[in-house]
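Trainee: I would like to go through this model term by term, asking what each label rests on.

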Amino acid sequence: MPRQTILQGGSLAYRTTLLPLDRAAAFAKMIDANASRFADVEIIRSDRARTEKYFVQFRPVNRERQQDMYTREWDKNQKRADEQGQDFIYFLNTDNPTVTFVFNPHSGETWEMFGGHCQCPHKQFRLNAASLSCKHELEADRRRAAGIYPDADKKTQTVPTETREQFKARIAAMIAEDFPDA
Ligand SMILES: [Zn+2]
């Protein structure tokens with residue numbers, strides 16, 4: 001899998017590994033000299049490396065190459081959805097059906113989905129620019145197509161056993177117990 005990233009405008013770009021500044025600059029200069037093939041050459045300082053390190057980012061201008069990279073990005077998310085998705089748990093907000101929560105038991109993370117659009121950071125900060133779906137959305141799509149979204153099926157009606165007031169009181173008690181100072 002090539003190291004690729006999504007630019008703000010939705011194009012796909014390559015990224016080098018971390019380099020010292022002089023090597024990053026020399027590499028960027030070389031890429032820049034191939035302006036007919038590559039664009040948006042940038043030297044970016046890593047905010048993750050402990051010492052001062054940089055990477056070079058650039059995108060191929062060739063449309064087919066861009067399409068390949070887009071497809072690869074899609075497949076990567078689909079693979080994650082295929083591997084973990086069946087364990088995801090979707091909770092429908094009965095007070096507001098446009099909001100769903102998705103829980104991933106593999107990471108313990110939980111995200112809100114508004115009208116089917118996931119609020120996870122991967123979607124918000126990376127995939128959105130290229131209108132790609134995250135693994136939570138892809139798995140939701142699969143279940144919707146299979147008629148098992150969020151976690152119910154057509155023939156089994158689930159009836160709430162408590163009123164909204166009882167539910168709210170129970171949640172308030174849970175919060176008071178877990179966060180006594182709140
Ligand atoms: Zn997501």
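Mentor: What follows sets the values against their definitions.

Mentor: This is a predicted model, where local features need pLDDT of at least 70 and side-chain atom pairs count only at pLDDT 80 or more, while totals for chains, interfaces and linings use all residues. Residues are numbered from 1 along each chain as its sequence is written, and side-chain values use heavy atoms, with hydrogens and water left out.

Trainee: Which domains are assigned, and how far apart are their centres?

Mentor: The bounds come from an automatic or database domain assignment, which gives domain 1 (3-61) and domain 2 (65-178). Their C-alpha centres lie 34 Å apart. The contact (heavy atoms within 4.5 Å) takes 13 residues from domain 1 and 11 residues from domain 2.

Trainee: Why is S133 called buried?

Mentor: Buried means under 20% relative accessible area, exposed over 50%, and partly exposed in between, with a 1.4 Å probe and protein chains only. S133 has 17% relative accessibility, so it counts as buried. S133 sits in the loop between α3 (121-127) and α4. Leaving aside residues up to four places away in sequence, S133 touches W74, N77, K123, L127 and L138.

Trainee: And why is A49 called partly exposed?

Mentor: A49 has 23% relative accessibility, so it counts as partly exposed. A49 belongs to the loop between β3 (38-45) and β4.

Trainee: Is E137 buried or exposed?

Mentor: E137, in helix α4, is at 5% relative accessibility and therefore counts as buried. Not counting residues up to four places away in sequence, the contacts of E137 include M113, H117 and C118.

Trainee: What makes the site of the zinc ion tetrahedral?

Mentor: Donors are N, O and S atoms within 2.8 Å of the metal (3.2 Å for Na, K and Ca), and sites may look incomplete, as water is not among the atoms. Here C118 (SG), C120 (SG), C134 (SG) and H136 (ND1) coordinate the zinc ion at 2.1 to 2.4 Å. Four donors count as tetrahedral if all angles lie between 85 and 135 degrees. The angles among these 4 donor atoms are 103 to 118 degrees, and the site is tetrahedral. The spacing of the donors is C-x1-C-x13-C-x1-H. C118, in strand β8 (residues 117-118), and H136, in helix α4 (residues 135-146), are 18 residues apart.

Trainee: Which residues have the most contacts inside the largest nonpolar core?

Mentor: A nonpolar core is a set of buried Ala, Val, Leu, Ile, Met, Phe, Trp, Tyr and Cys residues joined through side-chain atoms within 4.5 Å. The largest has 24 residues, and I6, V56, F58, Y90 and M113 have the most contacts inside it. This core draws at least three residues from each of domain 1 and domain 2.

How values were computed: Four donors count as tetrahedral if all angles lie between 85 and 135 degrees; four count as square planar and six as octahedral if opposite donors are over 155 degrees apart and all others between 65 and 115; anything else is irregular. Helices (H or I, at least four residues) and strands (E, at least two) are DSSP runs, numbered from the N terminus.
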